[in-house]
Amino acid sequence: MSSPVVLGIESSCDETGAGLVRDGRLLGHAVASSMDEHARFGGVVPEIAARAHVHSVLPVIRRALEEAGLTLSDIGAVAVTTGPGLSGALQVGLAGAKGIAYALGVPLYGVHHLAGHVAADTLEHGPLPDPCMVLIVSGGHTSLLLVRDLARDPIVHLGDTLDDAAGECFDKVARVFGLPYPGGPAIDRAARAGNPRAVSFPRPLSAPGSYDFSFSGLKTAAARWAEGHARRELPVADGAASLQEAVADVLTKKAVAACAEHGVRTLVVVGGVAANSRVRSLAEERCRTAGIELRVPPLKLCTDNGAMIAAVGDLLVRAGAEPAPLDLSIDPSAPLEYATLHPAASLAGAA
């Protein structure tokens, strides 16, 4: 017998996502973004994001169901992001998920947002190899993980962000360069016309054997370089290309080295910055040279979406994982230890 259809709901930041997955297959998904509402502020405004989720969550679920040719009554389980993320935004998604699960009488699963990014790749390339190396690169997170069974085993952190994540570096430098928000895509576009060797930006924490990440110094170096052009035209394309090259160089060099050290033959690159063209191309080049299989989700599954949360829920259902208790709450700053994230309301309130 096939597994139940799992509805996944994502609302951790500025995208409201809903996805439907069964037996590892994506049936339908939809995303609504409030990014345009935040652009004039140069970053995400939590209150605006939460209000946007309130307006979008039900229409997004309806669109996902329509794409899949299903109705609410076809849903057999609900998975929802319970952290990390913006508190008000997470609350909206959880409230919607609880209401649907209660009304349908189906199990509810709390999911760690970053585990969702990892699981997104399974919707395109099938089950994750055991073990595999996962590089998560997004606006707020840059982590290098050793992953075995995502639904059952603890996730081993080999390295994490010590300060600014890669996506955060792109956003902040883009503002200094006079580029629009979000900075990642803007840097990528500008870099196409630039020389990646024009500026010798630093490669932070580049010593062999170090798998942590730090992009604050790189951000500062880019800002100082821009300030040095205060009296003449800023060569934005060269600056963007050189910055992008520095970020891609650090990310891919550490990831490939970690694969070699741990004897892992598959690297999975996920998260919003996995959509960056240079990160993808340099990862392909270095993995090919090292004889490592590279897996990167399609662009539509790199950014935040409900399909990735449904993918985790589907894995949990098929693994026989325990559903969440009725007092499931959120944990806006939850560390990534397991794919499941079931904080109790009493504990969350105490924190």
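This is a predicted model: local features need pLDDT of at least 70, side-chain atom pairs count only at pLDDT 80 or more; totals for chains, interfaces and linings use all residues.
Good morning. I begin with a single side chain: that of N305 reaches the backbone oxygen of T303 at 2.6 Å.

Where does N305 lie? N305 is placed in the loop between β10 and α11, the latter covering residues 306-318. Is N305 buried or exposed? N305 is buried, since its relative accessible area is 0%. When neighbours within four places in sequence are left aside, N305 is in contact with E10, G17, H29, V31 and K300.

β10 belongs to an open sheet of 5 strands, in the order β8-β7-β6-β9-β10 and with mixed pairing. Which strands form the edges? They are β8, residues 156-160, and β10, residues 293-295, each of which pairs on one side only. On average, neighbouring strands of this sheet are turned by 20° against each other, direction ignored.

Within the sheet, I would draw your attention to β6 and β9. Strand β6, residues 132-137, and strand β9, residues 266-270, run parallel and are joined by 4 bridges. In this pairing, I136 stands opposite V270 of β9.

A helix accompanies these strands. Helix α9, residues 236-262, lies across β6, β7, β8 and β9. Relative to β6, helix α9 runs at about 160°.

How many disulfides does the model contain? The count comes to 0 disulfides, the cut-off being a pair of cysteine sulfur atoms within 2.5 Å. C169 is in no disulfide, and the nearest cysteine sulfur, belonging to C13, is 18 Å away. C169 is also buried, as its relative accessible area is 0%. For C259, the nearest cysteine sulfur is that of C287, at 6.3 Å, and C259 is likewise in no disulfide. Because its relative accessible area is 0%, C259 too counts as buried.

To close, let me return to the two places I would ask you to inspect in the structure above. Thank you for your attention.

Terms used:
Residues are numbered from 1 along each chain as its sequence is written. Side-chain values use heavy atoms; hydrogens and water are left out. Two strands pair if DSSP finds at least two bridges between them. Helices (H or I, at least four residues) and strands (E, at least two) are DSSP runs, numbered from the N terminus. Axes are lines fitted to C-alpha atoms, for helices over the stretch in contact, and angles run from 0 to 180 degrees between N-to-C directions. Contact means heavy atoms within 4.5 Å. Buried means under 20% relative accessible area, exposed over 50%, partly exposed in between (1.4 Å probe, protein chains only). A polar contact is a pair of N or O atoms within 3.5 Å; within protein, one must be able to donate a hydrogen and the other to accept it, and residues adjacent in sequence count only if both atoms are side-chain atoms.
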